[in-house]
Amino acid sequence: MKDAFGLPQSLLVLGGTSEIALATARRLIARRTRTVWLAGRPSPALDRAAEQLGALGADVRTVAFDALDADSHETVLGKVFAEGDIDLVLLAFGVLGDQAHDEREPSAAVRVAQTNYTGAVSAGLVAARALQTQGHGSLVVLSSVAAERPRRANFIYGSSKAGLDAFAQGLGDALHGTGVHVMVVRPGFVRTKMTAALEEAPLATTPEAVATAIELGLRRRSETVWVPGALRVVMSALRHLPRGVFRRLPI
Amino acid sequence: MPAPRTVPVTGWGRTAPTAARLIRPRSYEEAAEAVRTCGARGGIARGLGRAYGDAAQNAGGAVLDMTGLDRIHAIDADTGTLLCDAGVSLHRLMEVLLPLGWFVPVTPGTRYVTVGGAIGADIHGKNHHVSGSFSRHVLSFELLTADGGVHSVGRGTPLFDATCGGMGLTGVILTVTLQLQPVETALMSVDTERAADLDDLLARLSATDHRYRYSVAWIDLLARGVSLGRAVLTRGDHAPLDALPAGSRARRRPLAFRTTRLPAPPPVLPEGLLTRRTVGWFNELWYRKAPRARMGELQPLAAFFHPLDGVPHWNRIYGRGGFVQYQFVVGYGHEDALRRIVARISERRCPSFLAVLKRFGDADPGWLSFPLPGWTLALDIPAGLPGLAAFLDELDEEVAAAGGRVYLAKDSRLRPDLLAAMYPRLDDFRDLRARLDPHGVFVSDLARRLAL
Ligand SMILES: Cc1cc2nc3c(=O)[nH]c(=O)nc-3n(C[C@H](O)[C@H](O)[C@H](O)COP(=O)(O)OP(=O)(O)OC[C@H]3O[C@@H](n4cnc5c(N)ncnc54)[C@H](O)[C@@H]3O)c2cc1C
Ligand SMILES: NC(=O)c1ccc[n+]([C@@H]2O[C@H](COP(=O)([O-])OP(=O)(O)OC[C@H]3O[C@@H](n4cnc5c(N)ncnc54)[C@H](OP(=O)(O)O)[C@@H]3O)[C@@H](O)[C@H]2O)c1
């Protein structure tokens, strides 16, 4: 169960090698989390992640999960929930894609969309139903500032996150009053392996900062969290720029 | 029975809401039926929801609102024994009993609790140092257990001791036989005095508590330096009839139960009303307005026992984020731990209204009953205070190291691995539950969180 501060005792990460998710898990293990499920595509990195969290004192298990294989989500997640209540589901999987390449290769673009959007719709709905049955829990969805307004430089990724973001907001409304809390997290540029090849954007931040913001959001039962917080203002300004101006911005 | 509604449920602190089917049985049969059919996520009894944390909530399962079973069956006005349903409130009992010259044996800081909740948490009052906890005055009760059967449970049995303080986890209490306390009037004779600091406070309480049936100290945890732990002591007893002025209204109707209720605060209040500054002002004012010493003041019962009940829904002043109550006890001989904790809270500048310090007397046998002979301190803190989770964890360490414990009826955040040290009979409790309720029919969020 979560305590009065929204701190979970059990955690299920979808996208078990995500650096943001692992920073969050470390932080939560330092508080109350004792049971961690890392769901992801089997790999040495997944096993290593489990080992590292285990060394912090949590009981960590891995489970094979592929966002692109929507048909399997019911079974895979069903097994996890059958083992006991999950207080927090962190939906962290996602791919950035390669915009230039993906524009030329529509099937690659579709994979980005299927991972970030339809994969998340499927896993999100399955997790939400399980949480609703247990009558409590939080679903934390890693969206992105990119969801707020499509940019020329990465609109394939941006549009998939926009879909995810809209989905998660609607799901939060649908679950209002059911004891289940949905929180949409919109980080800006976070220094992880996902962005390693990119040039750093202004207000760049760290996985640890995202973890801190998630912990705070859980305590406040927030519905939307920006990381860093200043992005809320920046994005609401950018959102209202005329198209012609926005297009010419060097972002 | 109308179809149960699935609703979000919280305790009095309004933190950690979870959804449950709320069922309000109107007969013992309906209660038994609800227990038999509560499904995989079990059920838990709920009284008036005055437990601060998650004791009377059950995510995804059933919550049995027992306030629909609130009959008073029999009162023996000669011996002062009472047979009533567990869902009746102490408020109602006072209305009915006072005119007959009887009072509840133990009352907490609010009279809006049920008899079932009083047993479930084995509550204590300002008279604990003399009268023990609620269970000491319970002669027997009827318990609806996991198999749907009803058992008559008497004193001195394992089931009695597991149920008193057992937080509803042994079953649903249906009826209770209680020994009452005789009174001549509905007024209290109260002595008030100020203590300049913590040492002064402890000395005064230790020296003269035995002279009073009821004793409590309101302590200002925002006071610092030489004023650290300054407090106002209010102690007294039921006023005897001859203490009331001849010819006064009170003398003519000595047993009339008088209460006042102000309007409730609106359901939604802005966050941040309670800051260090506003609370500091309040505490300062309150300390200054208290008399340095006043003897034998006559006060209505409600003013003495339940000042907060004058404002319905006062818990709303903490805003949406809710609040946490922290109550612990440390045994006599561990005053150093108490001093350290008070100093840390003051240093931390928690915007905490008057906290309550009290001396407990002998413990009662309930396995998870909270009181043990020693000092208990209770304080409210807004849940949104940054760093509070870690801070309270540190206080827990101090409490556990001093052989003390925190109160489950107030808890919403204790670290589970400290529980066994705080409650040495925990294993007995778990064993009894495993035998009595092998399928875990009775379960609450508290039980899940702390693996009770
Ligand atoms: C302002 C205020 C002041 C307080 N002061 C004190 C104090 O001075 N001393 C003190 O000890 N406590 C105090 N409390 C706490 C309160 O007395 C306890 O939490 C009490 O248990 C609340 O009773 P309730 O009927 O509201 O029960 P709930 O809060 O609804 O339930 C509390 C527990 O009792 C169980 N329970 C309720 N009914 C039944 C039943 N019929 N059968 C089996 N189990 C049942 C529940 O399952 C739950 O575990 C205070 C609370 C408030 C809000
Ligand atoms: N980093 C940023 O700047 C940033 C900013 C805003 C939002 N976000 C979002 O935050 C989330 C986490 O990002 P991160 O920075 O922690 O990136 P990361 O370390 O690269 O993690 C991405 C995760 O997604 C998983 N994944 C990808 N495809 C998958 C699939 N088909 N099935 C299952 N898992 C799959 C990866 O697993 P494998 O190990 O199997 O590849 C990996 O665990 C992502 O949703 C990302 O879009 C990131």
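**Close-up 1. Phe65(A) is a buried residue of this predicted model.** Its relative accessible area is 4%. Phe93(A) is also buried, with a relative accessible area of 9%. Both values fall under the 20% cut-off for buried residues.

**Close-up 2. Phe65(A) and Phe93(A) form a tilted aromatic pair.** A pair of aromatic rings is described by the distance of the centres and the angle of the planes. Here the centres lie 5.6 Å apart. The planes meet at 45 degrees, so the pair counts as tilted. Phe65(A) sits in the loop between strand 3 (59-64) and helix 3 of chain A. Phe93(A) sits in the loop between strand 4 (88-91) and helix 4 (99-104) of chain A. The pair therefore ties together parts that are 28 residues apart in sequence. Over all chains, the count comes to 14 aromatic pairs.

**Close-up 3. Phe141(B) and Phe160(B) form a stacked aromatic pair.** The rings are 5.3 Å apart, centre to centre. The angle between their planes is 20 degrees. Phe141(B) belongs to strand 8 (residues 138-144) of chain B, and Phe160(B) to helix 5 (residues 158-163) of chain B, so the pair ties together parts 19 residues apart in sequence. Phe141(B) and Phe160(B) are buried.

**Close-up 4. Five aromatic residues of chain B form one cluster.** The members are Trp12(B), Tyr52(B), Trp314(B), Tyr318(B) and Phe323(B).

**Close-up 5. Helix 3 (residues 73-82) and helix 5 (residues 106-134) of chain A cross at roughly 35 degrees.** Their axes come within 10 Å. The crossing is right-handed. Helix 3 of chain A contributes His73(A), Glu74(A), Leu77(A) and Phe81(A) to the contact. By class, the contact has 7 nonpolar, 4 polar and 2 charged residues.

**Close-up 6. An open sheet of 4 strands in chain B has the order 1-2-4-3.** The pairing is mixed. Strand 1 (5-9) and strand 3 (43-46) of chain B stand at the edges. Each has a single partner strand, so one side of each lacks a neighbour in the sheet. The twist averages 40 degrees from one strand to the next. Strand 1 of chain B runs antiparallel to strand 2 (residues 18-23) of chain B, and 5 bridges join the two. Val9(B) stands opposite Thr18(B) in strand 2 of chain B.

Note on methods: Residues are numbered from 1 along each chain as its sequence is written. Chains are lettered from A and ligands numbered from 1 in the order in which they are written. This is a predicted model: local features need pLDDT of at least 70, side-chain atom pairs count only at pLDDT 80 or more; totals for chains, interfaces and linings use all residues. Side-chain values use heavy atoms; hydrogens and water are left out. Two strands pair if DSSP finds at least two bridges between them. Axes are lines fitted to C-alpha atoms, for helices over the stretch in contact, and angles run from 0 to 180 degrees between N-to-C directions. A crossing is left-handed if the near helix is turned anticlockwise from the far one by less than a right angle, and right-handed if clockwise. Contact means heavy atoms within 4.5 Å. Ala, Val, Leu, Ile, Met, Phe, Trp, Tyr, Cys and Pro count as nonpolar, Asp, Glu, Lys and Arg as charged, and the others, Gly among them, as polar. Rings of Phe, Tyr and Trp (its six-membered ring) pair if their centres lie within 6.5 Å; planes under 30 degrees apart count as stacked, over 60 as edge-to-face and the rest as tilted. Buried means under 20% relative accessible area, exposed over 50%, partly exposed in between (1.4 Å probe, protein chains only).
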